[in-house]
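Study the sequence and the structure, then work through each solution in order.

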Amino acid sequence: MPFGRRSGPVAGIDEAGRGCLAGPVVAAAVILPVVYELPGLTDSKALSAKARDILAPRIRECALAWGLGVVWPRRIERINILQATFEAMSRAVGVLRLTPGRLLIDGNKVLPDAVLTLFWRTGHTAPPPLQQAVVGGDKSEDVISAASILAKTFRDRLMLHLGRRWPGYGLEEHKGYGTKAHYAALRRLGPCPQHRLTFRGVLPQAAAPLQGSLC
């Protein structure tokens with residue numbers, strides 16, 4: 001989708017945790033200055049945890065504005081993971097302290113107007129920004145890379161806390177993804193309140209809701 005001529009800074013948007021069996025989906029929105037120095041900026045998945053933890057505070061310090069949006073498992077179950085991802089991204093944009101004129105969103109979908117407008121109106125009086133989806137944007141666009149890192153580091157820290165609150169599942173290790181150890185824990189313990197019950201493999205097949213799927 002072309003940007004047109006709407007003025008204002010560009011915000012990059014990305015998410016973390018979309019494909020997990022447990023925990024929230026987290027999105028970040030970041031506006032960087034025209035000139036900045038953030039060596040090593042790239043897709044968070046291509047970086048080690050140590051590198052992400054070094055870059056995250058530098059991004060927050062350098063950014064003109066940044067925001068986070070979080071959608072928890074019960075909401076994910078009600079509206080499905082795609083819509084929950086849109087909501088998390090819209091929440092992140094809505095809390096930016098600067099008004100972006102344009103959004104660069106990692107992936108092949110832009111945010112539905114109704115969802116973006118709902119959260120946009122809570123913090124902004126200007127019209128909602130124009131949008132462009134960028135496939136592979138977390139590797140090619142620095143503002144999206146920065147958002148990717150902030151979303152990932154925030155969610156990873158959150159999963160450490162959730163792992164202590166609900167021990168036995170290894171949430172602090174696999175961060176909610178569907179590893180062999182995680183599936184084994186589910187078979188042994190059953191799901192905890194942080195599990196997404198509509199996702200395939202969380203409940204025994206006979207008890208699983210018909211909706212169950214990742215994306």
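**Exercise 1.** Determine whether Glu15 counts as buried, partly exposed or exposed.

*Solution.* Buried means under 20% relative accessible area, exposed over 50%, and partly exposed in between (1.4 Å probe, protein chains only). Glu15 counts as partly exposed because its relative accessibility is 22%.

The model is predicted: local features need pLDDT of at least 70, side-chain atom pairs count only at pLDDT 80 or more, and totals for chains, interfaces and linings use all residues. Residues are numbered from 1 along each chain as its sequence is written, and side-chain values use heavy atoms, with hydrogens and water left out.

**Exercise 2.** Describe the surroundings of Glu15.

*Solution.* Step 1: contact means heavy atoms within 4.5 Å. Leaving aside neighbours within four places in sequence, Glu15 is in contact with Val25, Val26, Ala27, Thr85, Met89 and Ala151.
Step 1: the C-alpha atoms of Glu15 and Ser148 are separated by 6.2 Å, although these residues are 133 residues apart along the chain.

**Exercise 3.** Which residues touch the most other members of the largest nonpolar core?

*Solution.* Step 1: a nonpolar core is a set of buried Ala, Val, Leu, Ile, Met, Phe, Trp, Tyr and Cys residues joined through side-chain atoms within 4.5 Å.
Step 1: the largest such core has 37 residues, and Val93 and Leu103 touch the most other members.
Step 2: not counting residues up to four places away in sequence, Val93 touches Ile13, Ala29, Leu103, Leu116, Trp120 and His124.
Step 3: a second, separate core of 22 residues includes Leu41, Val143, Ile144 and Ile149.
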